[in-house]
Structure formats: structure tokens, C-alpha cells
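Trainee: Can we go through the labels on this model and check each one against its cut-off?

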Amino acid sequence: GRLEAVTQQMGYHPQYLDSFLKMQHYLMHMDGPLPFDCRHYIAIMAAARHQCRYLVNLHVLQFLRAGGDPQWLRGLEFIPPKLRNLNEINKILAHRPWLITKEHIEKLLKISEWSWSLAELVHAVVLLAHCHALASFVFGCGCEQDEGLGGRGSLKPLSLGNQCFCEATAGNSCSQELLRINRKRSLDSCMELDSLRERMQRIHVETEGKEEMRLLQQDREEGEGQGVEVGVQCGSLWFSPLADPDGEVTGATNLACYTQDPDFGYQDFARRDEDQTQVFRVQDYSWEDHGFSLVNRLYSDIGHLLDEKFRMVDGLQISAMAKRQGCEPSVFKRGIWNYIHCMFGIRYDDYDYAEVNQLLERMLKVYIKTVTCYPEKTNSEMFDRFWKQFKHSEKVHVNLLILEARMQAELLYALQAITQYMI
């Protein structure tokens, strides 16, 4: 059940998982400004910025199931200019969101054959921020497959009946089953994780097996009818997004075809006296007072789902970790949250940043910065080694804080730029 790795990790905190699944299902599969195939392609573009093959492969499958053109999988040169124009904002949001300006927004919205509407752009921005942050979680929790004989990016084993975690919702049997399991037992043992995985797979096979088998067989027959493989060429490489005879899903050996300017990455946000205007002050533009209402107005209901998710991660119990650090849980969580925002140039005037060094040990700060700013450099050993005295569920909690704090940071910059354009 490799495709359920994200769900398994989040399952340590079932209330958050329920909120996450509702938001993601709405974002990817419910009515919205963007076509379904475009949503998954935008997710591919976002995940590729961090070389996250786990998410790229997952959304390639969903892209094809949504009726996406296989030619698009050859790279950015083969997609419509409207989608390709999103590449610049994708690059900036992923690595240096403080650089985004209203000029970037204006360029996308200007009247032309390939212009975006405000609603479409808000949908795209939420998708990009979501997938960038989710890539951090994937690497931070070790969901990304370690390099093996088949190269990085092999997801195995893949049952044709498995359901993508982004399709699970709070109302379906999968999510409810996870919640029931988590109320009855702890997920802090491998035996219980195996039990969860088996029960999830059984549900998936019953609900999705026949339909997905039909779709995959249809794609394969169409490919054979045209005398070509279902896989599409990506430069000199071959990307075969469907399962091979051994049940694996294999990906390209690199994701260069989905990215431009690959050397563009995170740089430390330097607060210089001569450039105070770069600092983003939450007192001037916050999610609660500004971002929430803008998102909800242009993309109905997504603001409520995002807000619920932000509040849910803030409400998770972190008492054991805080106790070990000798502080209140709320103080400890705020230290992690504000440290992440500080790395993106977001400052809170009412917070004493000297507390960060007092609350967070050096190794934890290194881990948080790596997962937040350049998650592709994270490996499973880093997850196992940091804070060995803490339980696995507590480490997952830290990664959930990283996911939500990073996503909110990207949204704040993008939504502020959209607001400035609208003014």
C-alpha cells in the first residue's frame, strides 16, 4: 500500500487527517474554476520543483484518469501556453515566495487568448501552495521511496484497486474506517499500521477496483491501437505512468521536463536595515483578517476548509513534547510556527524571537529548516535521528506543523499580491 503512505502517517492524528482529506478532495475532485486534468498537471508542476516523485507519479496517474492528454507528460513545452505561464509563479512560491509581486499577477490576468481569471488563479495558487507543502511532508516523514534498483520514484507495490489518498473524503468509508480504527487503538506500533493498511486496501479494492482496472485497460488498448506504448517520451527518457507486469509504477530518472530554471532554489531571507520593506508583517496582512475572505470570495468554500485545517493542526495535543522542553504546549507550537514563517520573511511584532533558540534544540531547527526550505535534501535517516526520545507520532506532528505553516506562508504572499493588484 505504498500509495497510502501519506494517509498512514497522518493517521497518527485522525482528526487532522479527516480535515486534510476533506480539503484535498474538494480541491482536486469537486466543482471549481479549473478543469480536473489541469488541477493534476499543476500538482505535477508543483511537486517537480522539489523533485518529489512520490507526488508526481501519483498525480500522473490521476491526470490520465481525468482524461488528460498524454502528450503533456512530455514536459512543459507540450502544454498549453496558459498553463506554461504559471511556471514563474510556481517557481517563486516554491522557493522564495517573498519575491512575488502584483506584476506577476497582472501578467497572468492580462487580457489575451491565454489569460487567467481571478477565480482560476486563486484555485491554482491554492493548488501550488498545497503541493509544495505536501512535498515537505512527504520527504519529512520518509514517504518518498529510497533509491533502489529501479531508481528513485518507484512506488511499490501498487494494487490496481488502490485508491489515491487524494480521493478519500470524510464522508466515504475509507476516512470513517480510519477514524474508527484510531479511536480504538494507538498507531504507534508496526503491527497496528499493518492492520490499518490491510483494512484500507480491502475497502479500496471493493470501491475502486473494477473502475480503475477498466480505465487502465482502456488506456492500454488505445495505445496499442495506435501502435505505440502508453508511456510517453520525455527527452531521451521514457516515463511509463502505468503499472508494469510486476505491479510497479515507474517514473522518469529525472523530472527536468516539468521544471524550468532548476538552479533557482531557496535562499536565506536576509533582513537588512536598508530594505525593511521586504519584511512581511502579519499585523498588516493576515490569513484571518484578509486571506480567508479573499479566497472564499473567489473560490467558494475552500477558505472554510483551509481555515479548519489550520485550526485543526493548532489544536492538536503536543503536551508531551512541550513537557520535555519545559514549556507550555501553546508556547512550543508557536515557536515552531513562527520559526518557519521567519524563514520566509514573515514577522510577528508581538513575538520575541529569542524564544526560538530557547525552545528549539539545534538539531530540531536544522531538521525543520531542511524539510521546510529544501525538502528534497531530507532523507529517512534524518527523520529517525532527530529527537530520538520522541515517539513517531510526535515527529509526525512536527511535520504537520511544517506543512501548514509553509502553506499559509505561501498563501499570504500570493494573496497579498492579488489584493494589491485588485486595489
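Mentor: Start with helix α8 (residues 118–140) and helix α18 (residues 392–422), which pack at an angle of about 155° with their axes 9 Å apart. The model is predicted: local features need pLDDT of at least 70, side-chain atom pairs count only at pLDDT 80 or more, and totals for chains, interfaces and linings use all residues. Residues are numbered from 1 along each chain as its sequence is written, and side-chain values use heavy atoms, with hydrogens and water left out.

Trainee: Why is α8 called roughly antiparallel to α18?

Mentor: Angles over 145 degrees count as roughly antiparallel, under 35 as roughly parallel, 65 to 115 as roughly perpendicular, and the rest as oblique. The α8 and α18 angle is about 155°. Therefore α8 is roughly antiparallel to α18.

Trainee: What do the axes and the helix names rest on?

Mentor: Axes are lines fitted to C-alpha atoms, for helices over the stretch in contact, and angles run from 0 to 180 degrees between N-to-C directions. Helices (H or I, at least four residues) and strands (E, at least two) are DSSP runs, numbered from the N terminus.

Trainee: In which hand does α8 pass α18?

Mentor: The crossing is right-handed. A crossing is right-handed if the near helix is turned clockwise from the far one by less than a right angle, and left-handed if anticlockwise.

Trainee: How do the residues in the contact of α8 with α18 divide by class?

Mentor: There are 19 nonpolar, 5 polar and 2 charged residues. Nonpolar covers Ala, Val, Leu, Ile, Met, Phe, Trp, Tyr, Cys and Pro; charged covers Asp, Glu, Lys and Arg; the others, Gly among them, are polar.

Trainee: What makes α6 oblique to α8?

Mentor: Helix α6 (residues 87–95) packs on α8 at about 40°, with the axes 10 Å apart. That angle makes α6 oblique to α8. Their crossing is right-handed.

Trainee: And how do you know how α2 runs relative to α12?

Mentor: Helix α2 (residues 14–29) and helix α12 (residues 302–315) cross at roughly 160°, and their axes come within 9 Å. So α2 is roughly antiparallel to α12. Here the crossing is left-handed.

Trainee: Next, cysteines. How many disulfides does the structure hold?

Mentor: It holds 0 disulfides. A disulfide is a pair of cysteine sulfur atoms within 2.5 Å.

Trainee: Is Cys141 buried or exposed?

Mentor: Buried means under 20% relative accessible area, exposed over 50%, partly exposed in between (1.4 Å probe, protein chains only). Cys141 has 7%, so Cys141 is buried. Cys342 has 24%, so Cys342 is partly exposed.

Trainee: What about Cys52?

Mentor: At 0% relative accessible area, Cys52 is buried. Cys52 sits in the loop between α3 and α4. Cys52 and Ala135 are 83 residues apart in sequence, yet 6.2 Å apart in space, C-alpha to C-alpha. His132 has 0% relative accessibility, so His132 counts as buried.

Trainee: Why is the pair of Tyr41 and Trp72 called edge-to-face?

Mentor: Rings of Phe, Tyr and Trp (its six-membered ring) pair if their centres lie within 6.5 Å; planes over 60 degrees apart count as edge-to-face, under 30 as stacked, and the rest as tilted. Tyr41 and Trp72 are 5.7 Å centre to centre, with 90° between the planes, an edge-to-face pair. Tyr41 lies in helix α3 (residues 36–49), and Trp72 in the loop between α4 (53–65) and α5 (81–84), 31 residues apart. Tyr41 and Trp72 are both buried. The structure holds 15 aromatic pairs.

Trainee: What stands out about the phi of Asp261?

Mentor: Most residues other than glycine have a negative phi. Asp261 is not a glycine, yet its phi is positive, about 55°. Asp301 also has a positive phi, near 75°.

Trainee: How accessible are Asp261 and Asp301?

Mentor: Asp261 has a relative accessible area of 37%, so Asp261 is partly exposed. Asp301, at 39%, counts as partly exposed.
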